Amino acid sequence: MIAAAGERGSDRSWWREAVFYQVYPRSFADGNGDGIGDVPGIIDRIDYLAELGIDAIWLSPHYPSPLADLGYDVTDYKGVHPDYGTLADFERLLAAAHARGIRVVIDLVLNHTSDQHPWFVASRSSRDDPKRDWYVWEEPRDDGPPNNWMSQFGGSAWELDPATNEYYYHCFLREQPDLNLRNPEVRAAIADVMRFWLDLGVDGFRLDAPDAAFEDPTLADHDEPVSLSELRRRWVLAATDEERAEAEAGVARMLARQLDQPEVHGLMRELRALIDAYPGRALIGETDQVSYYGTGDDELHLVFDFGLMRSSSLSADVVRRHLVERWAGIPEGGWDGITLGNHDEPRVRSRLRATMEELPAARLAAALVLTLPGTPFLYYGEEIGMTDLRFDDPAQFRDNWGRWLYRAAADELGLSAAEALDLADRHGRDKARTPMQWSDAPNGGFSPPDVATWLPVNPDHAAGINVADQREDPSSLLGFYRRLIATRRHHDALARGDCEFLDTDETDCLAYLRSVEGRSCLVMLNMGARELEIGLALPGDELRVLVAGTAHPPSQDARAVVRLGAYEPYVAELVPADRPPRGSDRPTRPR
Ligand code: TEU
Ligand code: CA
């Protein structure tokens with residue numbers, strides 16, 4: 001038994017106990033029927049989110065943007081994209097969410113802007129422009145780029161500006177020039193943006209790509225001998241986890257001078273100090289590096305454990321080993337965000353389908369993310385079991401990374417058109433960004449039937465993967481998410497308790513005990529297709545079932561054997577014989 005993530009003392013910060021829900025604004029709800037999601041659409045659906053029971057929304061970028069990276073290329077940090085509405089709409093969203101006890105955290109893209117941002121337009125206008133140093137400009141080296149660094153989205157990280165004959169640096173697309181965060185004026189501009197939204201009432205930020213904030217000032221070449229496209233090829237074609245890990249390690253060596261530079265921690269401390277002046281706001285970073293917790297209370301409030309999201313299969317052993325190792329590295333005070341997916345990754349249901357029966361896998365994954373220690377981040381549509389869309393025409397891609405992959409697959413790797421499409425389908429990002437499926441109507445109820453939606457609606461909306469078909473059905477996946485979230489809300493042990501793994505004789509069973517202030521919940525997940533009998537012998541206690549299949553008695557002696565059906569998740573409260581169970585209709589924590 002291993003005591004783990006927990007022992008957090010009396011810290012009851014909301015972001016430790018909240019369930020977050022990521023809204024991708026372009027795809028969540030189309031309020032004006034033009035085929036594109038928007039802010040009024042989110043307001044229309046806010047009661048759906050309240051009913052689901054989530055506590056906070058993470059809104060992917062809502063800013064004006066030419067959409068080269070679907071909003072992660074910002075042209076105005078204080079505005080709302082006209083496709084999505086107005087600032088007044090945004091304020092109405094904030095009010096509607098807050099009225100229902102739902103907090104709103106927005107995306108903050110501070111590593112780079114759009115190349116159309118007025119700051120960059122000024123910066124590139126001449127070498128003497130006052131904003132020249134707001135970005136990372138370098139002289140050519142031997143008539144070529146300053147060094148051999150690569151963009152994370154392929155190709156050189158440097159783009160020549162012919163008019164001024166210098167190169168600018170871009171960690172991501174060439175349409176996303178990196179800001180020079182060493183320049184105090186840039187830091188002040190970012191601080192100004194943060195205060196603007198905090199003053200408006202947002203509850204925090206999800207920092208985009210914080211690890212990319214600085215580059216090695218010596219500009220020394222990387223010395224990875226294998227090319228990025230070759231590493232990508234090996235990654236894509238990897239037959240084993242080891243081969244894949246080796247390719248990933250190569251990419252990490254190649255990018256080492258472009259990521260995670262020591263100065264980033266000073267920047268994190270600065271942002272944290274700013275946000276600490278606004279009580280109750282959260283600073284969440286898109287990184288899985290625990291070093292971004294700083295000393296535990298001076299950098300980010302939350303970083304992510306991407307382990308559950310990135311593993312290609314869920315087995316009791318893999319999950320337990322991963323978590324034990326992860327928790328050992330979290331500093332005192334640290335508390336991870338945990339997630340099964342986001343707008344950059346395959347959808348969980350599609351990812352696990354290769355190794356496990358599809359729907360049971362989606363349920364087990366939900367049970368994990370909602371009962372393990374850490375703050376759950378759900379991705380829109382996960383709760384109804386949305387799947388990755390297979391594109392049959394590359395012209396349908398909207399994500400430039402997917403388009404690049406497709407072209408690179410054909411040009412650099414020499415794959416056939418069909419193979420290239422397959423590769424871009426598997427590793428591009430559009431597949432998990434399709435419109436939310438609200439009903440079985442044409443266009444999934446997202447937009448009126450005759451409207452072309454910005455990405456195609458997944459045809460499986462007609463086969464039960466939609467809100468309307470699941471909303472009234474407690475046995476649906478949506479019903480299961482709702483029950484788990486409600487159970488979490490009623491049982492502090494699940495929301496903030498310590499976690500202790502229990503040894504059983506069955507390798508397919510992941511069992512753990514969550515405990516806080518003398519109350520405990522037992523979680524057992526049968527991750528295999530075989531029925532199991534687990535004798536736990538937790539002395540003196542009674543097990544009251546909170547979430548499980550219907551075959552279980554509502555309560556039983558904790559020394560008896562618990563039968564777990566194939567792939568069955570089982571969550572029970574441990575009630576000492578002399579104490580009445582916690583009333584299940586009485587919330588134990590306020591919204
Ligand atoms: O992603 C940062 C990041 O590290 C990406 O390389 C990510 O690993 C990749 O998208 C996986 O395919 C963030 C955003 O989440 C992503 O959507 C943006 O494209 C990126 O920053 C640039 O802003
Ligand atoms: Ca719209």
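A crossing of two helices is right-handed if the near helix is turned clockwise from the far one by less than a right angle, and left-handed if anticlockwise. With that in my notes, I turned to this model, which is a predicted one.

**Entry: the helix pair**

I looked up α15 and α16 first. By the rule above, their crossing is right-handed. Helix α15 covers residues 400-411 and helix α16 residues 417-427. I noted an angle of about 145° between them, and their axes lie 8 Å apart.

Next I listed who touches whom. From α15 come Trp401, Gly402, Leu405, Tyr406, Ala409 and Ala410. From α16 I wrote down Ala417, Ala420, Leu421, Leu423, Ala424 and His427. Sorting this contact by kind gave me 10 nonpolar residues, two polar and no charged.

**Entry: ligand 1**

Then I moved on to the ligand. I found 15 residues around ligand 1, and the nearest are Asp69, Asp208, His343, Asp344 and Arg429. This shell divides into seven charged, four polar and four nonpolar residues.

Which side chains have a polar atom by an oxygen atom of ligand 1? I noted histidine 112 at 2.9 Å, histidine 343 at 2.9 Å and glutamate 286 at 3.0 Å.

How much of ligand 1 does the protein bury? Taken alone, the ligand exposes 490 Å², and the protein buries 86% of that.

Definitions and conventions. Residues numbered from 1 in each chain as written. Chains lettered and ligands numbered in written order. Predicted model: local features only at pLDDT ≥ 70, side-chain atom pairs only at ≥ 80, totals over all residues. Heavy atoms only, no water. Axes fitted to C-alpha atoms, helices over the stretch in contact; angles between N-to-C directions. Helix = DSSP H or I, 4+ residues; strand = E, 2+ residues; numbered from the N terminus. Contact = heavy atoms within 4.5 Å. Nonpolar A, V, L, I, M, F, W, Y, C, P; charged D, E, K, R; others polar. Near = heavy atom within 4 Å. Polar contact = N/O pair within 3.5 Å; in protein donor to acceptor, adjacent residues only side chain to side chain. Areas by Shrake-Rupley, 256 points an atom, 1.4 Å probe, with all protein chains shown as cover.
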